[in-house]
Amino acid sequence: MTLKSLAMAASMMALGTVALGDTHDDAVRVGMITTLSGGGAGLGIDVRDGFMLAIAQSGLDNIEVIIEDDQRRPDVAVRLSDEMIQSHDVDVMTGIIWSNLAMAVIPSAVAQDVIYLSPNAGPSQLAGRGCHPNYFNVAWQNDALHEAAGAYANSQGYTNSFILAPNYPAGQDALTGYKRMYEGGLAGELFTELGQTDYASEIAQIRASGADSVFFFLPGGMGIAFVKQFADSGVDIPLIGPAFSFDQGILQAVGADALGIVNTSQWNRDIDNPTNAAFVESFQAEYGRLPSLYASQGFDTANLLISALAVADPSDGDAFRAALAAADFDSTRGDFAFGPNQHPIQDIYVREVIQDGDVFTNRIIGVALEDHGDFYAAECSF
């Protein structure tokens, strides 16, 4: 399979389900449901492109990838999941970006003995009591990057943060994570509407709050709108965010308003290891753009799958799960391992937004948390 087949598939997406790869009787079928249209489409496109780059580089021709657009709608994601499992008999599923869609799809999928490899969403409900031996998260548990932001705020001596996030599972996990590590008080705490783009009221509250810092989790277009409006407001309070609001695709839309803002991430293009350097170079050569955090997660998810297939077939469930849990692949992040709930143990970095020529990007300026697992692992019992 080549990336030419991916380009052909993208052009056919409006026609429905597309299978990539040569068909074999013993083919491993992967169902990818992700966001490819509307708000947040860039995130799903990057996960897809990173995943398919790894599949192409593997040279394997017995992996079929069925790609569908969830339109960021839980009802659509559930319908597509049912089709993947019942009509296409997939062995593995992946792709979901948003935690509310993950909660709608994953519990049912894993209960039907399908392996789910999450390249992004990591809701707390699936990390603790709702964990499952068929569920692996290759990105993070939702709280983790926000916990790192709280640790960074402590290191800077901030004692009066104003915090805000959208009111859905990942937003709730975000504020929980920040507060878990942050040692100061709160000037204010707000849940905004998912998809909101006007933040005049919230910024007015921040201005009047006496805050010495602002932590926010607003992924995709929400973050673009907030950062631009915050810069235009003239409010001079440092912003702290997770990578989701300062990722590669988003930064070009925000532009100079993001310069100097600190954010936390488990990945960046300047992580110094051979796998990451080769990934950044090959992704840029293939797609004509720098990879994002989401692209790196798609790439790692595919390489985890490939490493497990070298050891066991999905039809041997116990052996295949053990091969996945071993995480015997070279991650773009460097050291990577699964905790007891099959969520990552990894370093989380502090990044700063910079301008490199005509491109806005991030550079690593420190490590917020080393070998960090998640809070909910102790509640997981397979």
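I take buried area as the accessible area that two parts lose on being put together, summed over both. The model I worked on is predicted.

**Entry: domains**

I looked up the division of the protein first. Domain 1 covers 24-142 + 272-346, and domain 2 covers 144-266 + 348-378. I noted 26 Å between their centres, taken over C-alpha atoms. To the contact, domain 1 gives 27 residues and domain 2 gives 28 residues.

**Entry: interface**

How much area do domain 1 and domain 2 bury between them? I have about 2300 Å², with 59% of it on carbon and sulfur atoms. On the side of domain 1 that touches domain 2, I listed the elements giving two or more residues: helix 4 (99-111), helix 11 (293-309) and strand 13 (344-356). I then counted ten residue pairs in polar contact between domain 1 and domain 2, both residues at pLDDT 80 or more. For salt bridges across this interface, the rule finds zero.

**Entry: UniProt record**

I checked the record for annotated domains. UniProt, in an unreviewed entry, lists residues 28-357 as "domain: Leucine-binding protein". Over residues 28-357 I have 42% helix and 20% strand. The end C-alpha atoms of that stretch are 43 Å apart.

**Entry: Arg-48**

I found Arg-48 in helix 2 (residues 41-58). Is Arg-48 buried or exposed? Its relative accessible area is 11%, and the cut-off for buried is under 20%, so I put Arg-48 down as buried. I also recorded a polar contact between the side chain of Arg-48 and the side chain of Asp-49, at 3.0 Å.

Definitions and conventions
Residues are numbered from 1 along each chain as its sequence is written. This is a predicted model: local features need pLDDT of at least 70, side-chain atom pairs count only at pLDDT 80 or more; totals for chains, interfaces and linings use all residues. Side-chain values use heavy atoms; hydrogens and water are left out. UniProt positions are given in the numbering used here, feature names are shortened, and annotations may be inferred rather than shown by experiment. Helices (H or I, at least four residues) and strands (E, at least two) are DSSP runs, numbered from the N terminus. Buried means under 20% relative accessible area, exposed over 50%, partly exposed in between (1.4 Å probe, protein chains only). A polar contact is a pair of N or O atoms within 3.5 Å; within protein, one must be able to donate a hydrogen and the other to accept it, and residues adjacent in sequence count only if both atoms are side-chain atoms. Domain bounds come from an automatic or database domain assignment. Contact means heavy atoms within 4.5 Å. Buried area is the accessible area (1.4 Å probe) that two parts lose on being put together, summed over both. A salt bridge is a side-chain nitrogen of Lys or Arg within 4 Å of a carboxyl oxygen of Asp or Glu.
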